[in-house]
Amino acid sequence: MEYPVGVQTFEKIINGHKFYVDKTDLVYKLAQGDYFFLSRPRRFGKSLLISTLKAYFLGQKELFDGLKMAELETKWETYPVFHIDLNAEDYTNKDALKLQLENYLAKWEEEYGSRPTEKTISLRFSGIIERACKKTGKQVVILIDEYDKPLTATIDNDELNEKFRQQLRAFYGVLKSQDQYIRFAMLTGVTKFSKVSVFSDLNQPNDISLTKKYQTICGITDEEIDTYCRESIEELAEEKDTGYADMREQLRKKYDGYHFYKEGIGIYNPYSLIKAFDNGDLGSYWFETATTEFLVKLLKLSRLPIEKLSGGKQTEEQLGGKENFRINPLPIMFQAGYLTITDYDDKRKQYTLDFPNEEVEVGFKQNLAPIYIKLKNQTVFDYNAFVDDMLDCKLDQFMKRLQALFANLDYEIMGGKESDFHNTLQVIFFLLSASMRVERHTSDGRMDVEIETDDYVAIFELKIDKSADVALKQIEDKNYAGAFAISGKKIYKIGVNFSTKTRGLEEYKIVS
């Protein structure tokens with residue numbers, strides 16, 4: 001089977017007889033409306049959705065032969081379509097957005113003309129829409145892909161971000177002033193953080209990002225997996241010398257788990273799934289082009305406790321992005337696809353967020369580690385070495401590695417306060433939890449941690465300016481090991497003491 005890796009054009013997929021999951025019934029339903037907005041993570045099929053809408057409104061009937069659309073549409077009218085893609089541009093250049101929009105306008109003016117008085121980008125766009133409608137006798141269709149890319153690309157540059165925000169506000173405002181000439185408009189993007197300020201001059205579009213009706217419009221569902229992917233799964237199972245059911249479960253754990261509705265259907269990441277089929281291997285493909293650095297900047301600016309990423313609570317208004325992401329980064333983590341909805345409390349009207357699957361959790365933590373934990377002399381934090389030590393039960397080596405880590409931490413990050421030690425350890429144990437079960441408990445400046453692998457349990461008690469013996473005594477006095485007595489696993493007790501004077505891990509003892 002031919003897989004459309006890197007192909008986001010509906011026409012190219014259909015004419016090339018490539019793998020395609022038929023969403024055209026939802027496209028038809030969507031096209032009966034007028035103004036829409038959809039937020040989805042990158043690499044989730046937004047561009048393909050826009051391309052499919054474009055083919056539909058251009059009346060390219062032959063492309064839909066054999067698809068659900070062919071059974072639903074009977075008129076096949078043709079409209080003038082204005083398609084804008086803001087993704088492929090370097091927005092560190094302050095003129096990048098203006099030049100990109102002017103390029104689109106110049107192309108359309110070749111077909112629909114211009115007026116000498118149309119000096120600004122918004123006036124030119126307004127004139128084009130009106131003339132296109134009058135020339136063709138049909139209202140126009142406007143499709144904007146990655147509407148927010150100029151803003152997400154400059155999230156840490158306030159001046160440039162505000163400049164782009166103002167330009168987009170004026171440009172999108174044309175959709176309101178020229179409403180009488182517009183048949184349909186669709187905007188897609190990753191974030192909704194600028195929904196109020198950017199769309200303030202626009203008729204508020206119907207936001208379908210968290211709606212039941214359109215929750216599956218991008219991505220692949222379990223039902224679609226069985227309908228469209230059976231042959232691909234069988235081939236992958238044979239390649240990996242396993243059965244269909246086992247491979248199906250491996251794919252589910254690796255790529256499924258996204259939810260875009262409070263009681264929603266699980267959605268697979270389509271990009272990773274298709275790459276897995278094409279490569280014959282279950283890799284972490286979504287992170288090949290991931291950008292985690294700006295998210296880590298937000299996490300550090302917000303001072304959000306790292307463990308709050310898993311199980312964080314958010315209201316619908318917060319998920320809509322109306323709050324400042326520098327205060328609350330969880331909405332952008334959700335919108336960008338690093339977190340997803342795992343539960344909903346109807347009484348409190350709160351969503352619970354967590355990592356959607358293994359690919360995202362492990363990938364994010366691996367990418368987070370070297371950025372979040374800064375070491376002296378630009379040394380790279382070796383996440384995998386810590387994981388290997390724990391999985392191989394090399395606890396003394398793990399503790400020596402932890403001791404060396406604290407000795408090498410950048411003092412600008414590690415200020416020497418108790419909270420600094422705790423925060424750094426929280427990050428490390430949070431990272432380890434991608435590969436093993438980690439329970440962390442904190443109280444009154446103390447922390448105990450329980451790590452459970454397939455073979456053993458390690459109980460850590462962490463003290464500051466005391467001793468490893470005091471830490472071990474607490475493990476005994478509190479009978480922390482009692483909870484694992486019936487597990488049959490070997491239990492290790494590890495007492496740790498940090499020194500605020502030396503800013504390091506001063507002493508540790510391991511008993512079993």
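**Notebook: charged side chains**

I began with helix 19 (residues 395-408), where D396 and K400 sit four residues apart, about one turn of the helix. I kept in mind that this is a predicted model. D396 and K400 form a salt bridge, and their closest N and O atoms are 2.6 Å apart.

Next I turned to K493 and E476, whose side chains meet in a salt bridge at 2.6 Å, N to O. This pair links distant parts of the chain, with K493 in strand 14 (residues 490-499) and E476 in helix 21 (residues 468-477), 17 residues apart. Is K493 buried or exposed? I found K493 buried, with a relative accessible area of 17%, while E476 is partly exposed at 46%. I also noted a network here: R115, E118 and R131 are joined by salt bridges that share partners.

Then I went to helix 8 (residues 158-177), where R165 and E162 are three residues apart, about one helical turn. Their salt bridge has its closest N and O atoms 3.6 Å apart. R165 counts as buried because its relative accessible area, 13%, is under 20%. E162, at 33%, is partly exposed.

How many salt bridges does the structure hold? I read off 25.

My last stop was a negative surface patch, formed by E231, E234, E235, E238 and E239. I picked out E235, which belongs to helix 11 (residues 230-239) and is partly exposed at 41% relative accessibility.

Terms used
Residues numbered from 1 in each chain as written. Predicted model: local features only at pLDDT ≥ 70, side-chain atom pairs only at ≥ 80, totals over all residues. Heavy atoms only, no water. Patch = residues over 30% accessible without salt bridge, like charges linked within 9 Å, V, L, I, M, F, W, Y side chains within 5 Å. Areas by Shrake-Rupley, 256 points an atom, 1.4 Å probe, with all protein chains shown as cover. Salt bridge = Lys/Arg side-chain N within 4 Å of Asp/Glu carboxyl O. Lys, Arg positive; Asp, Glu negative; His and termini not counted. Charge placed at Lys NZ, Arg CZ, Asp CG, Glu CD. Helix = DSSP H or I, 4+ residues; strand = E, 2+ residues; numbered from the N terminus. Buried < 20%, exposed > 50% of the residue type's maximum accessible area, 1.4 Å probe, protein only.
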